[in-house]
Amino acid sequence: MDITNAVTASVTTAPVTATTPAPLALALVVASDREGRFAPVVADWFLSRLAEREDFTVTVVDLVDLDLPTALSYNPSPAVLAELAKVSPVLAAADAFVVVTPEYNHSFPASLKNLIDRHYTEWQAKPVAFVSYGGISGGLRAVEQLRQVYAEMHSVTIRDTVSFPHAHGRFDEDGRHKDPAGAEAAAKALLDQLAWWGHALRDAKAVRPYGA
């Protein structure tokens, strides 16, 4: 996945009317930058779920395509500013987020924390949903920690998640889920909730700007 050529889900958007709001701009954040990562399999599966919906337009933010140092600075170098220019406008323009994250040692990747900490207003008063994967916990321990982090960013986290325990065994060699019914139902519930919160918060901010 290439952040400079963001992926937009191929959907046919219904005409915008008084009863059909404009689609939500969704940023799908692929959190893992580990060598040999499983993230693209999970992210591509979730993108296939999004492609069936008309209420989102999707841009992929894949952290493997960013080269951000872990040392934070109030005066970033030109090189860091150039990297941020690839991602900050996408986060700012988003109405909602889905974070695809593995679980590393009971937590989430450092690359994701780095991205979160380098932004603030971009996350505010927007909903964040989680798709997680891992071993026996399916990444849910990472998600529970992320809820606390995003609360500090003034984000609203979606209750329902999509979780893949023992993820490597759930997909075939072509990236297809072997028993998709449960995962597809979970993805629909997550996206329905995300859409509700996305529209509610976008509409509210149009009337009254959010003040943190």
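This short talk walks through the packing inside one predicted model.

Before the details, residues are numbered from 1 along each chain as its sequence is written. Because this is a predicted model, local features need pLDDT of at least 70 and side-chain atom pairs count only at pLDDT 80 or more, while totals for chains, interfaces and linings use all residues, and side-chain values use heavy atoms, with hydrogens and water left out.

Let me begin with the nonpolar cores, a core being a set of buried Ala, Val, Leu, Ile, Met, Phe, Trp, Tyr and Cys residues joined through side-chain atoms within 4.5 Å, where buried means under 20% relative accessible area, exposed over 50% and partly exposed in between, with a 1.4 Å probe and protein chains only. The largest core has 32 residues, and the members that touch the most others are F46, F56, V98, F164 and L194. Two or more residues come from each of strand 1 (24-30), helix 1 (39-50), strand 2 (56-62), strand 3, strand 4, strand 6 and helix 5, and helix 1 gives the most, with seven residues. These elements are DSSP runs numbered from the N terminus, helices being H or I of at least four residues and strands E of at least two. If we leave aside neighbours within four places in sequence, L194 is in contact, meaning heavy atoms within 4.5 Å, with residues including L24, F56, V98, V128 and I158. There is also a second, separate core of 28 residues, which includes L68, F108, V128 and F130.

Next come the aromatic rings. Rings of Phe, Tyr and Trp (its six-membered ring) pair if their centres lie within 6.5 Å, with planes under 30 degrees apart counted as stacked, over 60 as edge-to-face and the rest as tilted, and by this rule the count comes to nine pairs. F38 and F171 have ring centres 5.9 Å apart and planes at 65°, so that pair is edge-to-face. It links distant parts of the chain, since F38 sits in the loop between strand 1 and helix 1, and F171 in the loop between strand 6 and helix 5, 133 residues apart. One aromatic cluster takes in F38, W45, F46, Y133, F164 and F171.

What does H177 touch, not counting residues up to four places away in sequence? The list is W45, F164, R170, F171 and A183. H177 lies in the loop between strand 6 (162-164) and helix 5 (181-207), and at 12% relative accessibility it counts as buried. A polar atom of its side chain lies 3.0 Å from the backbone nitrogen of D179.

Finally, helix 4, residues 140-152, has 13 residues; at 1.5 Å a residue it should span 18 Å, and its end C-alpha atoms are 19 Å apart, which agrees, the expected span being 1.5 Å times one less than the number of residues. A142, V143, L146, R147, V149 and Y150 are buried in this helix, and the buried residues pack against strand 3 (96-102), helix 3 (110-117), strand 4 (127-133) and strand 5 (156-157). Just after helix 4, H154 takes a positive phi of about 65°.

Definitions and conventions:
A polar contact is a pair of N or O atoms within 3.5 Å; within protein, one must be able to donate a hydrogen and the other to accept it, and residues adjacent in sequence count only if both atoms are side-chain atoms.
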